[in-house]
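Hello,

Please find the structure below, with the sequence alongside. My notes on what was found follow it.

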Amino acid sequence: MSNLDRREFLAAAAAAGAAAALSPIASSTSQATVPPSGAQAAGFYRYKVGSFECTSINDGARSFPMPDTFVKNVPKEEALATAEAAYMPKGMVTVPFNPQLINTGTKLVLIDTGNGVAAFEPSKGAVGRTLQNLTAAGVDPKSIDVVLLSHLHPDHTNGIRAADGSIAFPNAEIMVPSVDWAFWTSDENAAKAQSNEMMKNYFANVKKTFAGIESKVSKYDGGKEVVPGITSIATPGHTPGHTSFAVASGDSKVLIQSDVTNIPEFFLRNPDWHVAFDVDGPLAQTTRHKFYDMAAAEKATVIGFHFSFPSIGHVEKDGTKYRLVPIAWNPVI
């Protein structure tokens, strides 16, 4: 058996490519070929929680140049090195988005709605894919009974609106955390945020998104069963009313962590790092440790909005840090 070093491997690959280019078969115009599709496959993945059928719906993923303060309490160079170690594009950070659909048998519940179709065209389809993936999964948006929002950041709420500005889920009750609603709809809080561009935009987005549909909105508190089989868990810090959920049926349970952490390659491995999107970084840090200590002790299945699709796995303690163990893809439900 011969050993192949990196230089030999690259040389062999280049030679193979050149040979293919010169091959009569490759250059033949008479050979039938199938044109590339130029489109990604639909993004949905079904899993069971007891008798509940659940579906992870991919809203897409966004790669963008890493801002100087993407991680607020470590040097950018350290954050860039972490991104590179995770094989993200050089100088960039990649953030996925994954709402969850829970069919309890009596209610069809969509937990978070993604970036919205308005984000689809500017991103060339990279985000804003929730509606098309629901359709691909055979789900009519009119059939959704409850839109359950974990918090009021744009990537979780903007999918409420269809392309023409109408309600994407016209028959759904829209449930929001009471603490988050009070915070983001406060004119006093909005006035205080005018010097912070990101926060100013967040306040404006809440006002725009919910304008005229306030009557469809109901508020819920932490620690309550908000829908039969779905219990809210107060996990503040990312936003004042940020909420996670325990979905339970029979002897089965999963934890939908929402944004307890942003991308796990950064903030699960480094739970003391503060992402720029956290309203209260130190509180979010404390919440992460409490939540993941609980999840690891219970060996719970954890679903993360910003985990790589299908966004399901287990969390293990690794000293003072944590690591995500993704589930194996199951071809059956």
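A cavity here is a set of grid points where a 1.4 Å probe fits but cannot get out, and its volume is the space filled by probe spheres set on the points. Please keep in mind that this is a predicted model.

Cavities

How many cavities of 30 Å³ or more does the structure hold? There are two.

The largest cavity contains about 50 Å³ of space. Its lining is made up of D59, T113, G116, V117, G128, T130, L131, G159, R161 and F169. Sorted by type, the lining of the largest cavity has three nonpolar, five polar and two charged residues.

The residues that line the second largest cavity are N98, Q100, I111, D112, I256, S258, I303, G304 and F305. Strand 13 (252–258) and strand 14 (301–304) are the elements that give two or more residues to this lining. By type, the lining of the second largest cavity divides into four nonpolar residues, four polar ones and one charged.

A hairpin

Strand 15 covers residues 312–318 and strand 16 covers residues 321–326. In which sense do strand 15 and strand 16 pair? The pairing is antiparallel and runs over six bridges. Within this pair, E316 stands opposite R323 of strand 16. Together strand 15 and strand 16 form a hairpin, with two residues between them.

Regards

Note on methods: Residues numbered from 1 in each chain as written. Predicted model: local features only at pLDDT ≥ 70, side-chain atom pairs only at ≥ 80, totals over all residues. Heavy atoms only, no water. Pairing = 2+ DSSP bridges. Helix = DSSP H or I, 4+ residues; strand = E, 2+ residues; numbered from the N terminus. 1 Å grid on protein atoms, 1.4 Å probe; cavity = no way out; pocket = protein on both sides within 12 Å on 5 of 7 lines; lining within 4 Å. Nonpolar A, V, L, I, M, F, W, Y, C, P; charged D, E, K, R; others polar.
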